[in-house]
Amino acid sequence: MVRNAKMRFARAASLPHNACMTRDADKWDARYRDAAETPAARVLMENVHLLPSRGRALDLACGLGANALVLAANGLETFAWDSSAVAIEKLVGLARARGVHVHAAVRDVVQRPPEPQAFDVLVVSRFLDRSLTPHLIAALRPHGLLYYQTFTRTRIGDNGPHNPAYLLEDSELLSMFARLQPLVYREEGLVGDTRRGLRGQAMLVARARSH
Ligand SMILES: C[S@@+](CC[C@H](N)C(=O)[O-])C[C@H]1O[C@@H](n2cnc3c(N)ncnc32)[C@H](O)[C@@H]1O
């Protein structure tokens, strides 16, 4: 099982990368070289009960793949893609240590988005590329679930990226995925006691209609 994950990683890592991806992946590789394991996203941990009992799941732009490890531990056939070879190699080790199987691959998800109707569950955390939206919707099978959590322009403190291209506008996740049925949406902005709650991020769990 572990040997399979390693072989898949080796095959995917040998794919040609373009210069742009290489530069960005180099930056992430450097960050991941010494990085400690990150926790899974709240949108997944607080809504694990919505997962189907079987099916194919993808942790897209997975980093160290904390979401993928949760999906695999919940019985889903799990894929995890990221452009950082260092992150994917570490994820293979983490999966081995936990005795779960993850199809981990180095893959530029903007150049090679998921194929249509390929997944029952998609998880995207702390990653935003708006050009992917139609591909994510198309990649869901009927009644498939999208879990999405990322940073918003309304922020508390200095957490997250500063480039507005990587930050959600108010209610933007809802409008991006308006074709899906929202099950859970949380975005608290600056309302109430800003020392508590989910601040500087929005989360959505939404379900594909039956087509
Ligand atoms: C802030 S990290 C989030 C990682 C993980 N989802 C998490 O929540 O911990 C953003 C990730 O996106 C990956 N990434 C950026 N551009 C990418 C691309 N075009 N294709 C695949 N991965 C990409 C980076 O390598 C990095 O691991």
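## Burial, backbone and helix packing in a predicted model

With 13 C-beta neighbours inside 10 Å, Ser 171 counts as partly exposed, because the cut-off for buried is 20 or more and that for exposed is 12 or fewer. Ser 171 is found in the loop between S5 and helix H7 (172-176). The model is a predicted one.

Ser 171 has a positive phi of about 60 degrees although it is not a glycine. Most residues other than glycine have a negative phi. His 143 is another non-glycine residue with a positive phi, in this case about 70 degrees. His 143 lies in strand S5 (residues 140-151) and is partly exposed, with 14 other C-beta atoms within 10 Å. A positive phi, near 70 degrees, is also found at Gly 99, which follows H5.

| Residue | C-beta neighbours within 10 Å | Class |
|---|---|---|
| Ser 171 | 13 | partly exposed |
| Val 100 | 20 | buried |

Val 100 is found in the loop between H5 and strand S3 (102-106). Because Val 100 has 20 C-beta neighbours inside 10 Å, it counts as buried. Val 100 and Leu 71 are 29 residues apart in sequence, and their C-alpha atoms are 9.7 Å apart in space.

Helix H5 covers residues 85-98, which is 14 residues. At 1.5 Å a residue the helix should span 20 Å, and its end C-alpha atoms are 20 Å apart, so the two values agree. The buried residues of H5 include Val 86, Ala 87 and Ile 88, and also Leu 91, Val 92 and Ala 95.

Two packed helices are described by the angle between their axes and the distance between the axes. Helix H4 (residues 66-73) packs with H5 at an angle of about 30 degrees, and the axes are 10 Å apart. H4 is therefore roughly parallel to H5, since angles under 35 degrees count as such. The crossing of H4 and H5 is right-handed.

Around the ligand there are 17 residues, of which Trp 28, Ala 61, Gly 63, Ser 83 and Ser 125 come nearest. By class, the shell around the ligand has eight nonpolar residues, five polar and four charged.

For the protein as a whole, 37% of the 211 residues count as buried. The protein has seven helices and seven strands, and from the N terminus on its elements run α-α-α-β-α-β-α-β-β-α-β-α-β-β.

Note on methods:
Residues numbered from 1 in each chain as written. Predicted model: local features only at pLDDT ≥ 70, side-chain atom pairs only at ≥ 80, totals over all residues. Helix = DSSP H or I, 4+ residues; strand = E, 2+ residues; numbered from the N terminus. Expected span 1.5 Å × (residues − 1). Near = placed C-beta within 6 Å. Nonpolar A, V, L, I, M, F, W, Y, C, P; charged D, E, K, R; others polar. Axes fitted to C-alpha atoms, helices over the stretch in contact; angles between N-to-C directions. Parallel < 35°, antiparallel > 145°, perpendicular 65-115°, else oblique. Left-handed = near helix turned anticlockwise from the far one by under 90°.
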